[in-house]
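Thanks, everyone. Let me put the model up, and then I'll walk through some helix packing and a pocket.

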Amino acid sequence: METPNAPNPEAAAPPSTSADVNRRLGMLLEQIAQGNQAAFAEFYQLTSRRVFGMARRVLIDTELSEDTTQEVFLQVWQNASKFNPEAGSPLAWLMTISHRRAVDKVRSSQSSTDREAKYGASSQEVDHDSVSDEVGNRLEAEAVVRCLETLTDTQQESVRLAYYGGLTYREVAEKLNAAVPTIKSRIRDGLIRLKTCLGVS
């Protein structure tokens, strides 16, 4: 499939009115339900920009938005027969799928970040032969979690992705849709605040 945010000069000219668009999309969905690939290609050309736009508004990140767009159209291909014209227009049905997919992607991404942060803060190597070491490690982990909460939201996210997520500055920058120097500055300032909070010279 083509990238939805790239111009496609060969795309079919869109019908003139909203009613025309939905009438055409409804016909295409009927054909897609029967496995018609040409109908699917036209459906994609007529709607991919809208789907990508919806995903982009929710996710911000371009790469995630493109992935979500592809997932939406895979769902259309697999579930075209489930479209019920009495429940709403084809476009409304498609945009509902798009919004749900984008929101699910946000939740999945946030859940993964939270798990990594929780694991990173709590999984300290413990010498099981030494009770004092175990207690010390637990207290240290708790102190790190407590001090992380003193950072700004952007600093927390950057530090967690870099140190608990194992991402490079460039990967963190891409994930957060920010410039590399900005990310370096956030992480540096965040680490300075962490050191101060933890009493590390």
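The crossing of α1 past α2 is left-handed. Left-handed means the near helix is turned anticlockwise from the far one by less than a right angle; clockwise is right-handed. Helices here are DSSP runs (H or I, at least four residues; strands are E, at least two), numbered from the N terminus.

Before going on: this is a predicted model, where local features need pLDDT of at least 70, side-chain atom pairs count only at pLDDT 80 or more, and totals for chains, interfaces and linings use all residues. Residues are numbered from 1 along each chain as its sequence is written, and side-chain values use heavy atoms, with hydrogens and water left out.

Back to α1, residues 18-33. Its axis and that of α2 come within 8 Å and cross at roughly 145 degrees. Axes are lines fitted to C-alpha atoms, for helices over the stretch in contact, and angles run from 0 to 180 degrees between N-to-C directions. On the α1 side, the contact includes Leu25, Leu28 and Leu29. Phe40, Phe43 and Leu46 are among their partners in α2. Contact means heavy atoms within 4.5 Å. Ala, Val, Leu, Ile, Met, Phe, Trp, Tyr, Cys and Pro count as nonpolar, Asp, Glu, Lys and Arg as charged, and the others, Gly among them, as polar.

Next, α2 against α3. How do they cross? Right-handed. The axes come within 8 Å, at roughly 140 degrees. The pair is therefore oblique. For the cut-offs, under 35 degrees is roughly parallel, over 145 roughly antiparallel, 65 to 115 roughly perpendicular, and the rest oblique. Phe52 and Val51 are among the α2 residues here, and Phe73 and Trp77 among those of α3.

Now the second largest pocket. It holds about 270 Å³. A pocket is an open set of points on a 1 Å grid over the protein atoms alone, where a 1.4 Å probe fits, with protein on both sides within 12 Å along at least five of seven lines; lining residues have an atom within 4 Å of a point. Of its 12 lining residues, Asp61, Glu63, Leu64, Glu174 and Lys175 lie nearest the centre. α3 gives the largest share, 4 residues. By class, the lining has 1 nonpolar, 4 polar and 7 charged residues.

How values were computed
Grid points are joined across faces, edges and corners, and a volume is the space filled by probe spheres set on the points.
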